[in-house]
Amino acid sequence: MPKLLIVSRCSQPRGGADQIIADLCRQLPNRGWDLTLGLTKGRVYNLPETYREVHPGLPIKEIDGSLGTRSDRQKAINRLIDVQKPDLVLIMRVFDALTAASRSRYRPRIVMGIRSFEPGYLIDARRYRNAIDCCVTSGKLIANACTQWAGVDPARVCSIPGGIHPPIDLDARVDNYRNRSGLRDRPLELIYAGRLEQSQKRCLDFLPFLAELKREAIDFRMRFVGTGPVESELRRRLHQDVVDGRVTFHGWVNREELYQSFFPRADLFIHFAAWEGVTIAPREAMAHGVVPIISRFEGLTCEGQFLNEVNSIVFPVGQPLRAVDGVRRLLADPRLYSRLARRATVSQQGDYSFHGSIERWHQTLLKCLRQPKMQGNVTVPPEHHPGRLSKLGIPISLQSQLRKLARRPVQHRSPGSEWPTNSGQMSEREVGDLKAFASTFA
């Protein structure tokens with residue numbers, strides 16, 4: 001029985017990547033894997049107990065990095081590897097696991113999960129490609145960046161989108177089609193499900209979008225399912241719409257409630273993201289016959305999941321009024337809406353389905369075990385701690401010992417500082433080159 005250790009951050013337990021991890025933990029043992037989930041632990045942001053509340057019953061081992069130093073984090077990962085002795089380590093957004101696994105005396109194969117088109121992940125993949133045995137991406141754009149830009153062997157790269165569960169109540173979905181023949185006969189049901197965040201998801205674009213719908217006297221009900229950094233601003237600026245019943249904030253809900261209470265009643269899924277892998281929530285909505293009005297984020301075109309005027313309406317990133325144009329067009333043409341809804345429903349099958357995705361993971365990990373082990377090394381980036389000890393010129397290794405003795409951990413101010421997702425070693429030129437590469441697939 002092959003042994004798999006997944007190492008993941010737990011600062012955002014309700015994210016799409018975290019749902020994939022939970023699904024792997026529950027499904028891969030049925031395919032013969034001895035699996036352990038190593039969750040990062042910090043003092044403020046990475047809290048395994050919160051993760052357990054969201055995803056109960058998983059085979060979790062905590063990786064205690066609460067002292068806040070890189071050496072302490074890496075030692076904690078090494079201890080877990082020494083105990084588990086895995087054949088494979090799947091690393092999901094934890095850079096210290098890459099350095100620890102590459103230096104482990106057990107020399108496990110290293111699988112790097114790259115689930116978002118972000119420079120830090122891809123630049124590290126290029127820098128350490130000779131130590132990485134496999135890259136599993138979310139989408140063809142990221143896979144192409146790994147092979148064509150980062151120089152990873154194509155035989156060691158696989159794109160596996162998050163799999164979509166089928167609707168719970170198929171009859172409700174069919175009834176919903178019958179009730180959607182005239183969108184103007186009732187308030188338009190709009191939904192967004194995901195993190196309420198700006199840099200990637202561009203959720204503040206909802207403000208001009210909803211204002212324009214009101215200006216055009218389009219009757220709507222907007223439901224936000226999720227939470228995040230810009231929730232308070234959205235609530236404040238949409239306060240009157242909340243009072244009037246046009247906008248509702250529901251917080252996070254589990255998949256069953258999303259499938260039973262939200263998607264079957266929705267007409268349109270609104271999505272403004274600047275970049276994605278193969279985003280999950282809009283595709284879950286599509287499986288229920290909900291039409292996405294979605295931004296042309298980096299990677300959308302080459303993946304071929306959201307096809308303008310085939311199963312969705314696509315508009316340029318950063319132009320929310322163009323999304324309003326899409327709403328207006330569907331209101332004016334019920335037959336177009338019905339055609340897009342039908343095609344959206346059948347789009348989430350095969351490798352894009354839940355069981356198809358799990359099987360791809362299973363086969364990809366088995367293939368990695370059969371391939372020759374990569375022999376490259378991972379250099380440890382220089383570490384700097386804020387505070388008086390650094391100002392006094394005390395070496396980092398000694399600082400860690402003093403902090404442990406004095407019980408004075410490093411005070412981190414973000415999840416990515418507490419447990420970094422990447423090495424942080426990137427130049428403006430590298431970032432620019434990667435953006436230029438992505439633009440060729442727009």
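## About the model

This is a predicted model, in which local features need pLDDT of at least 70, side-chain atom pairs count only at pLDDT 80 or more, and totals for chains, interfaces and linings use all residues. Residues are numbered from 1 along each chain as its sequence is written, and side-chain values use heavy atoms, with hydrogens and water left out.

## The sheet

Let's start with the strands. Seven strands form an open, parallel sheet in the order 3-2-1-4-5-6-7. Strands here are DSSP runs of E with at least two residues, helices are runs of H or I with at least four, and both are numbered from the N terminus. Two strands pair if DSSP finds at least two bridges between them. At the edges sit strand 3 (60–64) and strand 7 (157–159), each pairing on one side only. On average, neighbouring strands are turned by 20 degrees against each other, direction ignored.

Strand 5 (residues 109–114) and strand 6 (residues 134–137) pair in the parallel sense over four bridges. Strand 1 and strand 2 also run parallel, joined by six bridges, and Lys3 has Asp34 in strand 2 as its bridge partner. Six of the eight residues of strand 2 are buried (under 20% relative accessible area, with a 1.4 Å probe and protein chains only).

## Helices on the sheet

Helix 1 (residues 16–27) lies across strand 1 (3–8), strand 2 (34–41) and strand 4 (88–92), and runs at about 160 degrees to strand 1. Angles run from 0 to 180 degrees between N-to-C directions, and axes are lines fitted to C-alpha atoms, for helices over the stretch in contact. Helix 6 (residues 140–149) packs on the sheet too, touching strand 5, strand 6 and strand 7; its direction makes about 170 degrees with that of strand 7.

## Helix 5 meets helix 20

The axes of helix 5 (residues 119–127) and helix 20 (residues 428–439) come within 10 Å and cross at roughly 105 degrees. That makes the two helices roughly perpendicular (65 to 115 degrees). Helix 5 contributes Pro119, Leu122, Ile123, Arg126 and Arg127 to the contact, and helix 20 contributes Glu430, Val431 and Leu434; contact means heavy atoms within 4.5 Å.

## A buried arginine

Arg73 lies in helix 3 (residues 70–84). Arg73 is buried, with a relative accessible area of 3%. Its side chain reaches the backbone oxygen of Gly68 at 3.4 Å. Leaving aside residues up to four places away in sequence, Arg73 touches several residues, including Ile63, Asp96, His412, Glu418 and Trp419.

Key: Parallel < 35°, antiparallel > 145°, perpendicular 65-115°, else oblique. Buried < 20%, exposed > 50% of the residue type's maximum accessible area, 1.4 Å probe, protein only. Polar contact = N/O pair within 3.5 Å; in protein donor to acceptor, adjacent residues only side chain to side chain.
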